[in-house]
Amino acid sequence: MKDTQDKIGYCQLSLGLLYEDSTEYDNNGEVYPISKQEISHTKNTNRFVIHEKLLETIVEDANIEKAIQRVVSNKGSGGVDKMQVAEVRTHFAQHWSYLKKLIMEGHYSPQAVKRVEIPKDNGKKRGLGIPTVTDRVIQQAIVQILTPIFEPLFSENSYGFRPRRNAHQAVRRVVDYANEGYRYTVDLDLEKYFDTVNHSRLIQILSQTIKDGRVISLIHKYLNAGVVVKHKFEETTKGVPQGGPLSPLLSNVYLNELDKEMERRGNRYVRYADDCVILFKSKRSAMRVKETVRRYLEEKLLVKVNQEKTKVAYITDIKFLGFGFYIEKSGNVRITVHKKSREKMKRRIKEITKRNRPVSSKQLGQELKLYMTGWINYYRVADMKVYLGKVDSWLRRRIRMIYWKRWKLVRTRYKNLQKLGINRKKAWEWANTRKGYWHIANSFILSRTLTNERLKSFGFISALDYYNSINL
């Protein structure tokens with residue numbers, strides 16, 4: 001309880017400083033302006049609350065301009081009205097006065113979001129909701145004002161969708177707890193969390209902090225805007241559609257209730273969006289808390305827990321944000337890349353390096369570089385030097401296989417092998433071989449011709465070299 005009171009006091013101080021400074025930061029650390037607002041002190045709660053001019057701050061021209069910049073920089077496709085991001089500035093220049101009037105009078109009606117599906121690691125699909133460009137701007141404007149209000153209320157153990165916080169910090173916090181002796185975990189799995197958030201409960205939670213009813217009403221309209229699935233409109237009576245700027249903040253506001261409950265109980269835990277790990281010193285404690293947390297989530301937050309996937313496991317047996325954990329000889333817990341994440345990466349590389357893909361060597365090198373640098377940057381905090389050495393060897397073999405397949409004709413192979421330094425007799429012998437592509441790709445003849453250095457000169461990067469360069 002004392003921690004909660006301290007956090008409220010910090011919120012009071014932060015809000016006071018916030019409006020004195022009239023600046024705040026977005027998710028990338030950029031500054032956007034915030035106007036002064038009235039703050040009142042209520043005798044009943046002994047808390048500062050946002051007075052009834054929050055909506056005016058949201059629709060200020062400077063805040064809207066900042067929101068437009070963010071939506072344009074994020075790019076993305078259009079919504080149900082087919083307006084593209086490139087058209088947003090012209091649209092707002094022409095129509096913002098009218099849109100602002102509708103919002104201020106409470107007559108603005110958001111359009112339904114377009115539902116698209118993307119594949120998940122388990123073969124299933126995840127639904128994403130794409131709002132119209134106009135609604136993305138308005139949602140972003142709301143987020144820019146509400147984020148500095150809610151940030152002081154959020155837990156130190158929450159890392160997802162928050163300014164200056166990321167997955168690497170979350171994974172390192174898990175390791176810190178594990179090295180303090182908390183190595184038994186409850187690996188929580190919330191069943192279709194974003195699709196099942198209870199609207200009434202969410203509005204109730206929001207209303208505890210936001211006292212401008214017009215802002216609450218506007219957010220409620222976004223929750224109830226509906227979705228268009230294959231050209232058919234469907235109502236949304238629950239859930240926070242993934243894909244809009246507002247959804248991450250609302251999901252954090254909702255699960256902040258879980259964070260406060262974990263803190264009240266004194267549990268060690270780490271949460272990133274809806275991925276949550278609770279850590280204990282004994283298996284018995286983990287088993288006991290698993291059931292009480294399930295009851296809290298289902299009875300108090302009305303969130304269903306996936307009983308099959310929620311498990312008690314030792315630290316080395318869990319997957320968190322794609323990472324795994326191992327224990328080194330000294331006894332310390334360290335970070336690695338989880339087996340499933342490695343398998344997913346290899347599947348993607350196989351897709352990129354299919355032998356019959358009609359792409360140039362230059363394009364192939366660019367695609368591999370783009371994917372591998374992104375993958376390594378995400379997993380850079382993991383120990384994987386030995387693993388990346390093996391990946392390099394396997395990937396170079398696949399590239400050599402592609403070259404051999406493209407040379408195809410005997411005379412082409414014969415000519416290219418000679419160009420790469422093989423004498424005529426040996427070149428003729430290998431050009432006529434009947435061995436398979438994968439077998440030849442591992443032969444000394446291609447290792448001597450398509451050397452590692454030569455492949456690098458063709459634009460194919462070394463995963464290990466890149467990993468070492470960003471971890472100096």
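Which strands does helix H10 lie across, and at about what angle does helix H10 run to S10? The legends below take up this view and several others of a predicted model, in which local features need pLDDT of at least 70, side-chain atom pairs count only at pLDDT 80 or more, and totals for chains, interfaces and linings use all residues. Residues are numbered from 1 along each chain as its sequence is written, and side-chain values use heavy atoms, with hydrogens and water left out.

View 1. Helix H10 (residues 246–265) lies across S10 and strand S11 (275–280), and runs at about 170 degrees to S10; helices (H or I, at least four residues) and strands (E, at least two) are DSSP runs, numbered from the N terminus. Angles run from 0 to 180 degrees between N-to-C directions, with axes fitted as lines to C-alpha atoms, for helices over the stretch in contact. Helix H11 (residues 283–299) also packs on the sheet, where it touches S7, S11 and S12, and its direction makes about 20 degrees with that of S7.

**View 2. The open sheet S10-S11-S7-S12.** Four strands in this order form an open sheet with antiparallel pairing, two strands being paired if DSSP finds at least two bridges between them. Strand S10 (268–272) and strand S12 (311–314) each have a single partner strand, so one side of each is left without a neighbour in the sheet. Strand S7 (residues 184–189) is joined to S12 by four bridges, and valine 186 has valine 312 of S12 as its bridge partner.

**View 3. The hairpin of S13 and S14.** Strand S13 (residues 323–327) pairs with S14 in the antiparallel sense over five bridges, with tyrosine 326 opposite arginine 334 in S14. Five residues lie between the two strands of this hairpin, and glycine 331 in the turn has a positive phi of about 100 degrees.

**View 4. The largest nonpolar core.** This core has 68 residues, and those with the most contacts inside it include Ile142, Leu206 and Ile278; a nonpolar core is a set of buried Ala, Val, Leu, Ile, Met, Phe, Trp, Tyr and Cys residues joined through side-chain atoms within 4.5 Å. Its largest share, ten residues, comes from helix H5 (residues 133–150). Leaving aside neighbours within four places in sequence, leucine 206 is in contact (heavy atoms within 4.5 Å) with Phe150, Ile216, Ile219, Leu250 and Val253.

View 5. In helix H15 (residues 410–419), Arg413, Tyr414, Asn416 and Leu417 are buried, where buried means under 20% relative accessible area, exposed over 50%, and partly exposed in between (1.4 Å probe, protein chains only). The buried residues of H15 pack against helices H14 (385–407), H16 (424–431), H17 (437–441) and H18 (444–449). Threonine 433, in the loop between H16 and H17, is buried because its relative accessible area is 19%. Not counting residues up to four places away in sequence, threonine 433 touches Trp404, Arg413 and Ile440.

**View 6. Confidence along the chain.** The protein chain has a mean pLDDT of 87, and 88% of its residues reach 70 or more, pLDDT being the predictor's confidence in each residue, from 0 to 100. Confidence is lowest in strand S3 (residues 39–41), at a mean of 32, and highest in strand S14 (residues 333–337), at 98.
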